[in-house]
Amino acid sequence: MSGAPLRGPVLFVTGLEPVRRIVTGTSIGRRVATRFVAGESLDDGLRAARGLARSGMAAMLDHLGENVASAEQASAAADQYVLALKRIHEAEGLDCNIAIKLTQLGLDLGIDLAVENVERVLSAAAEGNTLVEVDMEAHGYVSATLEVVRRVRERYDNVGVALQAYLFRTAADVFHLPERIPVRLVKGAYLEPAEVAYQRADEVDAAFARLATTLVARGHPLHLGTHNPRLLAGTTRLLRRRGLRWEGHEMQFLYGIRRDLQQRYVREGYPVRAYIPYGDEWYPYLTRRMAERPANLWFFVSNLIRTGG
Ligand code: FDA
């Protein structure tokens, strides 16, 4: 969240249709995207997962896409995940989970439809004992996401959920989660108003530390989704103070971000998993990565000017 005051303008600029067309229609746009996205196909995602496995990291595949407009699209997205799981299970020995977004699986069209699609994905994942982690989207989706997670957790153990430290409500949500469900704790990547979310980086960091403490105390496997060395070191100290190790917990990093840190933690023996996005719907994902670090946007603009796209 460093550089927080620039998030709004960056998200505004990247949200404009002409900007979207320039970024997705130019080779430099696609080149910038390849820093954060493994490629457009499932094979690209699996190749990245195998490469990271060779350097000691586990993986989590995310088939990019969100806010589908029809039940058919939602069902097709579930089909894609079922296929990805089949390929993961065929790749023996590959430690690879999947991440899903509920708006890709039909949440905008109703909770029942999302539950139906998520259960289909969970059933395929259960065949290989694979965890499916539900991403958390913009704040208007949090209640519905937690409701879907609660419903599917009654039938499936292999589901986890992401929670966002920047939202005020998360401090209460942690007390109403299904028992011992794995939680990926992140700061939060969407532009949220001051009525619902902390706006300052130090407040978000403090909330993150408090939530990590509560989640560990309540026995949730904690998946730390941050590249912030201070928060990672703080959690390591927290576990040590409680006489715990990282067993059952893990560090999660986004593909292409802070590779140095990822490798350092692997070398030091921590469990590290990389979140690997793939697919052709990379633009919304890229805009969030740009907003987190406006230098990414300036890099794109300066290259565009220099090369003419
Ligand atoms: P922080 O902002 O503290 O930065 C620490 C350092 O990381 C920076 O100094 C920089 O070096 C590097 N860095 C961070 N972001 C970068 C970027 N975009 N480009 C280049 N370098 C960067 N959010 C959400 O709302 N819902 C979700 O489900 C998820 N899921 C998720 C999974 C995983 C595995 C991760 C790591 C993150 C998410 N997020 C997310 C995103 C998260 O909310 C947050 O926006 C980003 O992780 C950035 O915050 P950090 O705490 O990582 O880094």
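Let's start with strand β4 (residues 159-164), which is mostly covered: six of its six residues are buried, where buried means under 20% relative accessible area, exposed over 50% and partly exposed in between, with a 1.4 Å probe and protein chains only. Strands here are DSSP runs of E of at least two residues, helices are runs of H or I of at least four, and both are numbered from the N terminus. The model is a predicted one, in which local features need pLDDT of at least 70 and side-chain atom pairs count only at pLDDT 80 or more, while totals for chains, interfaces and linings use all residues. Residues are numbered from 1 along each chain as its sequence is written, and side-chain values use heavy atoms, with hydrogens and water left out.

Look along β4 and you will find Val-159, Val-161 and Leu-163 pointing one way, with Gly-160, Ala-162 and Gln-164 pointing the other; all are buried. What lies beside this strand? β4 runs parallel to strand β3 (residues 132-134), joined to it by three bridges; two strands pair if DSSP finds at least two bridges between them. Glu-133 has Gly-160 of β4 as its bridge partner. To get from β3 to β4, the chain passes through helix α7 (residues 142-153), in a β-α-β crossover that is right-handed: with the strands pointing away from the viewer, the path from the first strand over the helix to the second runs clockwise. Strand β5 (residues 183-186) is also parallel to β4, with four bridges joining them, and here Ala-162 stands opposite Arg-184.

Now turn to helix α4 (residues 42-54). Its 13 residues, at 1.5 Å a residue, should span 18 Å, which agrees with the 19 Å between its end C-alpha atoms; the expected span is 1.5 Å times one less than the number of residues. Which residues of α4 are buried? They are Leu-42, Gly-45, Leu-46, Ala-48, Ala-49 and Leu-52. These cover an arc of only 160° around the axis, which puts them on the same side of α4; the arc is that of the directions from the helix axis to the C-beta atoms. An α-helix has 3.6 residues a turn, so residues three or four places apart point the same way.

The cover over the buried residues of α4 includes β1 (58-63), α5 (71-90), β2 (96-100) and β8 (272-278), with contact meaning heavy atoms within 4.5 Å. On the face turned away from the buried side sit the exposed residues Arg-47 and Arg-54. Just after α4, Gly-56 takes a positive phi of about 95°.
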